[in-house]
Structure formats: C-alpha cells, structure tokens
Amino acid sequence: MQPPRAPIPTLSELPLEIDTARMTLRPFRESDVDAIFPIVSQADFSKFMSWRAHPDRAHTLTFIERSLAVAAQGEGVVWAIEHEGQAVGCIGLDGVVWQVNALRYDRADLGYWLAPTLWGKG
C-alpha cells in the first residue's frame with residue numbers, strides 16, 4: 001500500500017511571495033516594466049537567453065502580463081527577483097505537470113535571469 005499523497009495544489013492558491021535576507025521573490029507587477037526593460041532590452045544580455053532583446057516597453061509589459069496569466073492558469077509561475085526594492089531579474093517554473101493519467105509526476109522546467117550588474121555577487 002502506498003502512503004497517501006498530498007493533494008495536487010493550485011498555483012493561484014499557494015503563497016507566491018518568498019522573503020529572504022537579501023531579496024524577495026514575488027509575482028511580477030505591471031509597474032516592474034520600467035525596472036526590467038533596461039535589462040531585457042540589452043542585445044549583449046539577451047545573447048545568453050532563449051529570446052531576443054525586447055524592442056520596446058510594450059514587449060516587456062506583454063512578458064509581464066503573460067507571466068501573470070500563466071500562473072492564473074496553473075501552468076507555471078514566474079517570480080520577479082526584487083533586490084533593494086526593485087525588480088532585477090526573474091526565476092520561473094514553466095511547463096508544470098502534476099499528473100499524467102494515474103501517475104503523479106510533479107515536474108517543471110526552471111529558468112532564471114538576473115541583471116548583469118548583480119552577476120558574481122553570490
């Protein structure tokens with residue numbers, strides 16, 4: 001007999017803010033566009049990513065809106081990495097799969113990026 005498994009959570013019902021001594025992980029806000037556009041619009045930065053540099057603020061705002069919609073649909077979650085009161089990057093779980101038929105799966109793909117000014121600082 002297998003031990004009981006916890007019920008499959010609904011992402012929108014989970015607490016999605018995580019505070020640490022040096023940073024906060026939280027869902028993006030539309031107001032983060034001004035903080036992250038200067039990062040994601042750099043061609044030198046995006047060459048390390050699977051996406052191209054954002055050509056304008058509207059593109060960045062669409063990214064933020066899409067990240068909020070994905071969480072609301074329970075398919076993933078993207079957190080803004082907030083440092084000293086400002087969004088400086090993100091970390092996300094994409095392609096969240098809880099169960100396939102009768103098999104409990106609990107998997108996701110992890111991705112992240114951080115402003116180059118904070119690289120190498122632990």
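**Exercise 1. Find which residues of helix α1 are buried.**

The buried residues of α1 are V33, A35, I36, F37, I39 and V40; buried means under 20% relative accessible area, exposed over 50% and partly exposed in between, with a 1.4 Å probe and protein chains only. Helices (H or I, at least four residues) and strands (E, at least two) are DSSP runs numbered from the N terminus.

A word on the model: it is predicted, local features need pLDDT of at least 70, side-chain atom pairs count only at pLDDT 80 or more, and totals for chains, interfaces and linings use all residues. Residues are numbered from 1 along each chain as its sequence is written, and side-chain values use heavy atoms, leaving out hydrogens and water.

**Exercise 2. Describe how F45 and W113 pair.**

Start with the whole structure: a search finds 6 aromatic pairs. Rings of Phe, Tyr and Trp (its six-membered ring) pair if their centres lie within 6.5 Å; planes under 30 degrees apart are stacked, over 60 edge-to-face, the rest tilted. F45 and W113 are edge-to-face, at 5.7 Å centre to centre with 75° between the planes. Finally, both F45 and W113 are buried.

**Exercise 3. Is W51 buried or partly exposed?**

W51 is partly exposed, with a relative accessible area of 26%, while W113 is buried at 6%.
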